[in-house]
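Please keep the structure in view while reading.

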Amino acid sequence: MKSIRNHFSLVVALVSILFSIQVFTIIERSISAYKENLASSYSIIVVSQLSIDEKTMKSFSSLVDEVSELNPDHVIQRLNTKIDPKNLELLKLTLPNFYKLKLTHFPTPTEVENLTNNLLNKKSITKVENFSHNHDSTFKLLLLFKDVIAVFSLSMFVVTILLIIKELKIWQFMHNERMSIMGLFGAPIWLSSAVLFRLAIVDAIIASILSFILFTYLSTSFWVEEQLSYIGIEIIFFDQVMDFAILSGVALFLSVLLALLIVIGHKEEV
Amino acid sequence: MDRVIIAEDLSLSYSDDETIINKINFSVNSGCFVFITGASGSGKSTLLKSLYGALKPAQGSLVVGGVEISKVSKSKLNFLRRHIGIVFQDYKLIKEWTIEKNIMLPLIINGYEKNVTQNQVDSLLKHVRLKHQSGKYPLELSGGEQQRVAMARALSHNPILILADEPTGNLDDYSAGLIWNLLEGANTQLKTTVIVVTHNIPETMNIDYKHFHIEYGSIHEVN
Ligand SMILES: Nc1ncnc2c1ncn2[C@@H]1O[C@H](COP(=O)(O)OP(=O)(O)OP(=O)(O)O)[C@@H](O)[C@H]1O
Ligand SMILES: [Mg+2]
């Protein structure tokens, strides 16, 4: 009972830190997955009098990833009841070429504007439709989301520091006396602090295992899957090798650092 | 005869503005049994602290077991302490360890084998009449019982020097008798040098002893 209580406080602090880190990672992944999604659904339409090949189109900007020509036939087909076929052929000839540009990534508003201007500089291009209004609001939402995440990570950092400091004080109180007494009987520092380091390492392992169980459970949970499919993204929620390695590394680093600080700060009482 | 302790013009203080022990000179021969008396607050515990190196001399020189305390390195001091057995006035037992493990502490630090350790601890527990309490934690014992644990711990590694700060302060006559027997035994059988701070020297001492008295920052021998 006594030993469980000894472990409890640091394990709780560590698990909450690991939880924040993993949540932050998941949100980061969601944002980039979402951005990719946006990039693939976003496109620019170019209207040109002359035909432009893909290479030329790409030379306007490195942003251009894919160029596809839009076939005007199906638009014309809708008109064909009212117009006689002869005029239709004529119409077809006078119709400009339509191109749809896919971009390499979700562009910033300036990138969109630059690309539009570049395209319009070419004589044959008469119109560029960039859906800038829609694009702007989506982009602003994304920026806002990123800011929220930045604030979140900052507050996570502050809370982490506070938790660690609190833990440091508890530990100092718990271990100082024993370390002093062992020192008075001639124990070298590695011996008198051995218990401390063992406790730190054991707690880090416990916290890592708890986080592993927690996130493995969450990643298979129906609710989480449902939420992600609502947003329309697919991400790795918890990588059982890489993420676990990072989390246990952080836990080990923090708790050993804690133990080191206590050993360094340890003074023999007179 | 070897001298275990040599103090020359030794002054001790906790701060610059108050001197507790002022330029004292005394020495203790190896194998001696010494009592130190003095009024409360006279500096008895302070003197003991300097003997195990927790308080460095403010002035003068103090040599314990051949080691100059004012210049000793941390590792040399640890080495010296591993050969001293201390009974602290406030016991200083490790709360989260059992009685048995507390008594083992000096043996663990000195790297004794497990079976030696166990035998020694069992025999000491018997001597201080605490065999049945060995699995308990210090806070589950009475003050006098804790004091006897502290005594057993100080003796466990057969130190060459025992420093005991009022080791019978909380004990009835019977338990105090057990403690005096243990200290006398260590002194006569193992030739351990024993220094005991006390308010009353037992009338039934069977061995020769020296008696120092501390007063107004000075020390003098009482005959
Ligand atoms: N850690 C300390 N810091 C500052 N002053 C101290 C400290 N310990 C003791 N003193 C002071 O040193 C003086 C001597 O204290 P010490 O503990 O040596 O007395 P003592 O002779 O052991 O008394 P007692 O018989 O009551 O145990 C006292 O005036 C006390 O206030
Ligand atoms: Mg005292």
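A salt bridge is a side-chain nitrogen of Lys or Arg within 4 Å of a carboxyl oxygen of Asp or Glu. By that rule, a search of the whole structure, which is a predicted model, gives six salt bridges over all chains. The points below start with these pairs and then turn to the chain contact and the helices.

**Salt bridges**

- Side chains of opposite charge can pair when their charged atoms come close.
- One such pair is D243(A) with R29(A), whose closest N and O atoms are 2.9 Å apart.
- D243(A) belongs to helix α10 of chain A and R29(A) to helix α1 (residues 2-41) of chain A, so this pair ties together parts that are 214 residues apart in sequence.
- Between chain B and chain A the count is two salt bridges.
- K95(B) and E177(A) meet through their side chains in a salt bridge, at 2.4 Å from N to O.

**Contact between chain B and chain A**

- Chain B gives 23 residues to the contact, and chain A gives 16 residues.
- The two chains bury about 1,800 Å² between them, and 64% of this area is on carbon and sulfur atoms.
- Of the area that chain B buries against chain A, 28% comes from R81(B), E96(B) and I109(B), more than from any other three residues.

**Helices α8 and α10 of chain A**

- Two packed helices are described by the angle between their axes and the distance between the axes.
- Helix α8 (residues 194-219) of chain A packs on helix α10 (residues 242-265) of chain A at an angle of about 155 degrees, and their axes are 9 Å apart.
- Angles over 145 degrees count as roughly antiparallel, so α8(A) is roughly antiparallel to α10(A).
- The crossing of α8(A) and α10(A) is right-handed.
- Residues in this contact include L196(A), F197(A) and F215(A) of α8(A), and F244(A), L247(A) and V263(A) of α10(A).
- The residues of the contact of α8(A) with α10(A) comprise 17 nonpolar, four polar and no charged.

**Helices α3 and α5 of chain B**

- Helix α3 (residues 99-109) of chain B and helix α5 (residues 143-155) of chain B have axes 7 Å apart and pack at an angle of about 30 degrees.
- α3(B) and α5(B) cross in a right-handed way.
- From α3(B), the contact is made by I99(B), N102(B), I103(B), L105(B) and P106(B), and from α5(B) by V149(B), A152(B) and R153(B).
- The contact of α3(B) with α5(B) holds six nonpolar residues, one polar and one charged.

Conventions: Residues numbered from 1 in each chain as written. Chains lettered and ligands numbered in written order. Predicted model: local features only at pLDDT ≥ 70, side-chain atom pairs only at ≥ 80, totals over all residues. Heavy atoms only, no water. Axes fitted to C-alpha atoms, helices over the stretch in contact; angles between N-to-C directions. Helix = DSSP H or I, 4+ residues; strand = E, 2+ residues; numbered from the N terminus. Parallel < 35°, antiparallel > 145°, perpendicular 65-115°, else oblique. Left-handed = near helix turned anticlockwise from the far one by under 90°. Contact = heavy atoms within 4.5 Å. Nonpolar A, V, L, I, M, F, W, Y, C, P; charged D, E, K, R; others polar. Buried area = accessible area lost by both parts, 1.4 Å probe.
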